[in-house]
Amino acid sequence: MDLRRDLHAHPELAWSEERTTAVVAERLDASGVQVRLLPKSGLLAEVGDPEGPLVALRADLDALPVEDRTGEPWSSRVDGVVHACGHDVHTSALVGAGVALAEAHEAGALAGRVRLLFQPAEEIMPGGALEVISSGALDGVSRVFGLHCDPTIDVGQVGLRVGPLTGAADALTVRVSGRGGHTSRPHLTEDLTYAIGKLVTELPGALSRRLDPRAGASLVWGIVRAGSAKNVIPASGVVEGTLRMLDAVAWADAEDLVRELAAQVLAPYGVQADITYVRGVPPVVNEALSTELLQRSVGEVLGAGGVATTTQSLGGEDFAWYLENIPGAMGRLGTRAPGGPTYDLHQGDLIIDERAVGIGAKVLAASALSSLTPRP
C-alpha cells in the first residue's frame, strides 16, 4: 500500500510524470528487473528469458487536473492535481506484478518473458500509448493485458467482456468570432453569444440524426465561455467538449460530419468559426482468447465469484491503440468497498478500497503466466 499512497500524494500530469517514473524504476531495479526509460516520461521493464515468448502488461502513470477532496492522510500534496482515475492503483499493481514475476523467473517458473509498459499521458488525446508503441514497446509481443479501476464493481471482482469494452473518444474545440457590440443593439452585431447557444444545443441533436443511432454517439460540452459583462455582446467565444461513440465505423466519419454540421448551424448568424478536432482513441476491443486467459487468471486469484459481467461504456481508453496492433484484453478492477458508496471516476472524492492493489498485481501476474504456459 505504501507505493500507492506515495504515488497518490505526489500526482503528476501527462508528460510530466518524472518523479513517478523515477520511483517505479527504483522499485523495479531493486528487485532485479531490467528497466529502460522512455524519451519523455514512463518506462519499459522486462522480466524473464530474453529468448522466450513475450507478452506485455500495461499501466498508466498520469493524474488529472482535479482537486483532491478525499480527506485521506495520503491526499494529494499538489494543488489541483489528483489521481482521480485510479492510475496510482494501476501503476502500483503493475510494479507488484513485476516483482512477483521476477521471483517466478528466479524460481524457474516463468516460461518466457514479460514486458511491463509504464505508460505516460493516458488522460490526453490521442494518448501516450502511441509514443510508447513508437518506442518499440510492442516489438515481438504476442499479447497485452491491462486493468482499469472501476468504482461501480466491488473489490474482489474483475469485470470482463469479449469485444468492445469502451467507446471511441474525440476532442472538439470551436472558437467563434464576430462583430460585437451593445446588448441594446443586437441587430448591429453578429450576436456571437446567441450563435454559440445554438451551436451548443443544435449540434448534438443534428449529429444524432445523421449518425446511425446504433453508434451511440454522444457530444457533451465541458467548456462554454464568452463575454465578460452582461450588457456587452462579445466578439469572441469558445466551446469545448468530447464526442464519444460505441462504433468504430461511425468514428471514422465523425470529424467530417461535425465540421459540416457546425458550419451549417452557425451560418445564419454570420460568425466565423475555427474548429479544432482531435481524433482521440478508438474503442477498446477485447480479443476472445485474451479475455479467456484473463478470466482464467481472475478465477485462479479470486475464485469463480471473482468474475463480474460488464458492459461497454463511452469512456475512452488509449489501451485501444495497443489492441489495434496485437491481441489483448482489459479488465475492470473492482475498487468499491462492499456495502460502501459508489464513486465516480474523474472526481476529486474518488476513494479506492486499497485491497484492489494486491488483487490487480496478482491478476496481472497470473495473466502473464497463463499466456506463456502452453495450453494442454
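**Salt bridges in close-up**

Asp318 and Arg58 are both buried. The views below come from a predicted model, in which a search of the whole structure finds 20 salt bridges.

**View 1. A salt bridge joins Asp318 and Arg58.** The closest N and O atoms are 2.6 Å apart. Asp318 sits in the loop between strand E15 (307-309) and helix H8 (319-323), and Arg58 belongs to strand E3 (residues 54-60), so this pair ties together parts 260 residues apart in sequence.

**View 2. Glu287 pairs with Arg143 in a salt bridge.** The N to O distance is 2.9 Å. Glu287 is in the loop between strand E14 (285-286) and helix H7 (288-302); Arg143 is in the loop between helix H4 (129-134) and strand E5 (144-154). The contact therefore ties together parts that are 144 residues apart in sequence. Glu287 is partly exposed, at 27% relative accessible area. Arg143 has 15% relative accessibility and counts as buried, because the cut-off for buried is under 20%.

**View 3. Asp353 and Arg355 meet through their side chains.** Their salt bridge spans 2.7 Å, N to O. Asp353 is buried, with a relative accessible area of 12%. Arg355 is partly exposed, and its relative accessible area is 49%. Exposed would require over 50%.

View 4. Side chains of opposite charge can pair when their charged atoms come close.

Terms used:
Residues are numbered from 1 along each chain as its sequence is written. This is a predicted model: local features need pLDDT of at least 70, side-chain atom pairs count only at pLDDT 80 or more; totals for chains, interfaces and linings use all residues. Side-chain values use heavy atoms; hydrogens and water are left out. A salt bridge is a side-chain nitrogen of Lys or Arg within 4 Å of a carboxyl oxygen of Asp or Glu. Helices (H or I, at least four residues) and strands (E, at least two) are DSSP runs, numbered from the N terminus. Buried means under 20% relative accessible area, exposed over 50%, partly exposed in between (1.4 Å probe, protein chains only).
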